[in-house]
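The sequence and the structure are shown first, and the description follows.

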Amino acid sequence: MRYLIQTWGCQMNTHDSEKLAGILEALGHRSADDIRSADLLLLNTCSIREKAEEKVFSHLGSLRPLKDLRPDLIIGLCGCVAQQKGEEVFRRSKLVDFVLGPRAIASLPSILEEVRSRRSRPMDREKRDDSIRYDALRAQRGPGPRAFITVMEGCNKTCTYCIVPTTRGREVSKPAEIVLREAVALSRAGYREVELLGQNVNAYRDGAIHLDGLLRRLQEVDGIRRLRFTTSHPTHLSEEIILAMRECPSVCNALHLPAQSGSDSVLERMRRGYTRRRYLDRIERLRRAVPDIGLSTDIIVGYPGETRSEFDDTLLLLRQVEFDQVYSFVYSPRPGTDAVLEGDAVKREEKECRLHELQSLQQEIQRRRNQALVGSMVEVLVDGFSRMGGSILKGRTTSNRVVNFPGTASRMGQFGSVQVKAAGPNSLEGRWIEAPRS
Ligand code: SAH
Ligand code: SF4
Ligand code: F3S
């Protein structure tokens, strides 16, 4: 069969799609060039906000003519919507042939067998450990020098707004020995950067080995010159992890540390388990340990009952920290979460208005921070072509800034220095100066 996988959501989902592709390749299937030539279509879905979930069902609607034309086309619904909705997916869309949860991906071959023998519309939503048991080498990755490894799956936190613990289940960690072996093999295969993934990655634990221990071991892997990890929770950001970031040259000078809000009362209602003071303390420690660290965060705007002054506290947090990137979202009530019980008191227009205000403030901050880099030299790992098209390459600095510069495909996967010529709020532009160190 020819397959096509469409992906929504976070890096975990992106990597799960690479795993699903790996499973299909092992069965002898090959990827399709476009949807019209596909025999199998997997939708790897996200349910973090209502909009994300709705997109899936409207997309399914748009597939109707194609399925009418080619009734043999198999459509599978995977990912977090699959896990959350289960049977309901079949009721809402006649087009879906099977439903497969994110922790049950290993049953894809048997599910396909079942669909092809036309016995039923199978479903597997068992919360097994398939996604961390999966051999990272089998994943079918896109081009480029960066590779993901899922080291942790699930989340044991109870943030009141969040559906992830329901869709991804309890935390499980991949044994450190296996992660190490996979990193060695990825290096031999030519990868230069490894990003460790987990919904709550800094709660990683394999017996006595925590995330800092894992980073220190991976530091020893020849050829892997960059290590990243995401997503971290402020509560689990230990001194040991900060020390490992400082002491391991391969660990990138970057951290994504979702704050969600700058208001103590909102943080408490969200059950985040830290205060604004504590969050700022973590930021201070990080900056002391890794002076040029690139920091990013997630913010939810308009959490139930968020007052103007609580929102102002969030704006103040952004001014104080001066993040390099902020991902901000309007609060969206999710079924079965505790925040739903609090209602959705902030009016839609008000939420949108606050979001806009926050984003303009942050754009200003980012522009200023990036402007300060004009004229300097930055080291990048070239990882693809820019969205600007043409012969513009894209690389990333250790601090996770995107840098665009003219160049040819032969530079792909190389490290090199770029002189920054111009800067916008979301990326830098420059000129390639120097060949790789080694
Ligand atoms: N594990 C990570 C993030 C997982 S979800 C953490 O602890 O922060 C990614 C982001 O989506 C969250 O950081 C949050 O900002 C946002 N998000 C989660 N649930 C949401 C909801 N119900 N409405 C709006 N945004 C939400
Ligand atoms: Fe969701 Fe909170 Fe877990 Fe992040 S830590 S995935 S926001 S429950
Ligand atoms: Fe979305 Fe699931 Fe990731 S809800 S953000 S795809 S863990």
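Glu220 is exposed, with a relative accessible area of 62%; here buried means under 20% relative accessible area, exposed over 50%, and partly exposed in between, computed with a 1.4 Å probe on protein chains only. The residue sits in the loop between helix H10 (211-218) and S13; helices (H or I, at least four residues) and strands (E, at least two) are DSSP runs, numbered from the N terminus. From Glu220 to His15 the separation is 205 residues in sequence and 24 Å in space, C-alpha to C-alpha.

The model is predicted, so local features need pLDDT of at least 70 and side-chain atom pairs count only at pLDDT 80 or more, while totals for chains, interfaces and linings use all residues. Residues are numbered from 1 along each chain as its sequence is written, chains are lettered from A and ligands numbered from 1 in the order in which they are written, and side-chain values use heavy atoms, with hydrogens and water left out.

**Salt bridges**

Side chains of opposite charge can pair when their charged atoms come close. Across the whole structure, 42 salt bridges are found, each being a side-chain nitrogen of Lys or Arg within 4 Å of a carboxyl oxygen of Asp or Glu. Three of them are listed below.

| Salt bridge | N to O distance |
|---|---|
| Arg64 and Asp68 | 3.7 Å |
| Lys85 and Glu88 | 3.8 Å |
| Arg228 and Glu193 | 2.9 Å |

Arg64 and Asp68 are four residues apart in helix H3 (residues 64-69), and therefore about one helical turn separates them. Arg64 is partly exposed at 39% relative accessible area, whereas Asp68 is exposed at 52%. In the second pair, Lys85 is buried at 14% and Glu88 is partly exposed at 27%.

The salt bridge between Arg228 and Glu193 links distant parts of the chain, with Arg228 in strand S13 (residues 226-230) and Glu193 in strand S10 (residues 193-197), 35 residues apart. Both partners count as buried, Arg228 at 6% relative accessibility and Glu193 at 2%. Through shared partners, salt bridges join Arg146, Glu193, Glu195, Arg226, Arg228, Asp383, Lys394 and Arg396 into one network.

**Aromatic pairs**

A pair of aromatic rings is described by the distance of the centres and the angle of the planes. The structure holds five aromatic pairs; rings of Phe, Tyr and Trp (its six-membered ring) pair if their centres lie within 6.5 Å, and planes under 30 degrees apart count as stacked, over 60 as edge-to-face and the rest as tilted. The ring centres of Tyr279 and Phe323 are 6.4 Å apart and the planes stand at 50°, so this pair is tilted. Because Tyr279 lies in helix H13 (residues 276-289) and Phe323 in the loop between helix H14 (308-321) and strand S16 (325-330), the pair ties together parts 44 residues apart in sequence. Tyr279 is buried at 2% relative accessibility, and Phe323 is buried at 0%. Elsewhere, Tyr161, Tyr303 and Tyr331 form one aromatic cluster.

**Ligand surroundings**

Tyr161 also belongs to the shell around ligand 2, together with Cys155, Lys157, Cys159, Cys162, Val164, Pro165, His233 and Arg272; a residue is near a molecule if one of its heavy atoms lies within 4 Å of it. Around ligand 3 stand Cys10, Asn13, Cys46, Ser47, Ile48, Cys80, Arg168 and Gln199.
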